[in-house]
Amino acid sequence: MALGVLLTSGSGTSDAPVAALSKVEVPAYAKWSRLAIKQTMLKYPHADIKDYLHIATDSKKVTNTEKFQLWLKEEEREFGVLVTVTYSAETGKFIRIDFQEIPVN
């Protein structure tokens with residue numbers, strides 16, 4: 001709603017807000033973050049994802065990895081999951097995904 005107000009307010013003589021929105025760049029890891037979230041939802045079907053963070057990109061000669069941290073809530077239990085997506089550096093094809101639960105103290 002606030003975005004709609006921002007885009008429609010004013011005299012209509014400036015396209016600055018629209019131009020600024022069209023220049024938003026999609027991060028290179030976006031494809032892998034969607035996969036990490038989807039696979040986490042499949043692995044933990046009764047949990048809600050409460051937060052998400054891209055931690056790092058690790059580029060090697062043969063494989064690259066994207067690391068994410070997701071915070072989940074399942075009934076009364078809250079916990080973190082480190083998700084590592086590995087893909088081919090040459091072709092960009094998915095290789096594997098690994099999950100590691102983070103205990104909450």
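Which residues does Q69 touch, not counting residues up to four places away in sequence? The points below take this up after some background.

1. Basis. This is a predicted model, in which local features need pLDDT of at least 70 and side-chain atom pairs count only at pLDDT 80 or more, while totals for chains, interfaces and linings use all residues. Residues are numbered from 1 along each chain as its sequence is written, and side-chain values use heavy atoms, with hydrogens and water left out.

2. Overall layout. The protein chain has three helices and four strands, in the order α-α-α-β-β-β-β along the sequence. Helices (H or I, at least four residues) and strands (E, at least two) are DSSP runs, numbered from the N terminus.

3. Surface and burial. The accessible surface of the protein chain is about 7,800 Å², and 55% of it belongs to carbon and sulfur atoms. These areas come from the Shrake-Rupley method with a 1.4 Å probe; for residues, only the protein chains shown count as cover. Of the 105 residues, 24% count as buried. Buried means under 20% relative accessible area, exposed over 50%, and partly exposed in between (1.4 Å probe, protein chains only).

4. Q69. This residue is found in strand 2 (residues 63-74). Q69 counts as buried because its relative accessibility is 18%. Leaving out residues up to four places away in sequence, Q69 touches D51, Y52, L53, I55, V81, L82 and I102. A contact here means heavy atoms within 4.5 Å.

5. Contacts over the chain. Among contacts between residues at least 6 apart in sequence, 36% join residues at least 24 apart.

6. Aromatic pairs. Rings of Phe, Tyr and Trp (its six-membered ring) pair if their centres lie within 6.5 Å; planes under 30 degrees apart count as stacked, over 60 as edge-to-face and the rest as tilted. The count comes to four aromatic pairs. One of them is Y52 with F68: the ring centres are 5.8 Å apart and the planes are at 25°, so this pair is stacked. The pair links distant parts of the chain, with Y52 in strand 1 (residues 48-59) and F68 in strand 2, 16 residues apart. Y52 is partly exposed at 29% relative accessible area, whereas F68 is buried at 0% relative accessibility. Y29, Y52 and F68 form one aromatic cluster.

7. K61. This residue is in the loop between strand 1 and strand 2. K61 is exposed, because its relative accessible area is 83%. The C-alpha atoms of K61 and A89 are separated by 6.5 Å, although the two are 28 residues apart along the chain.
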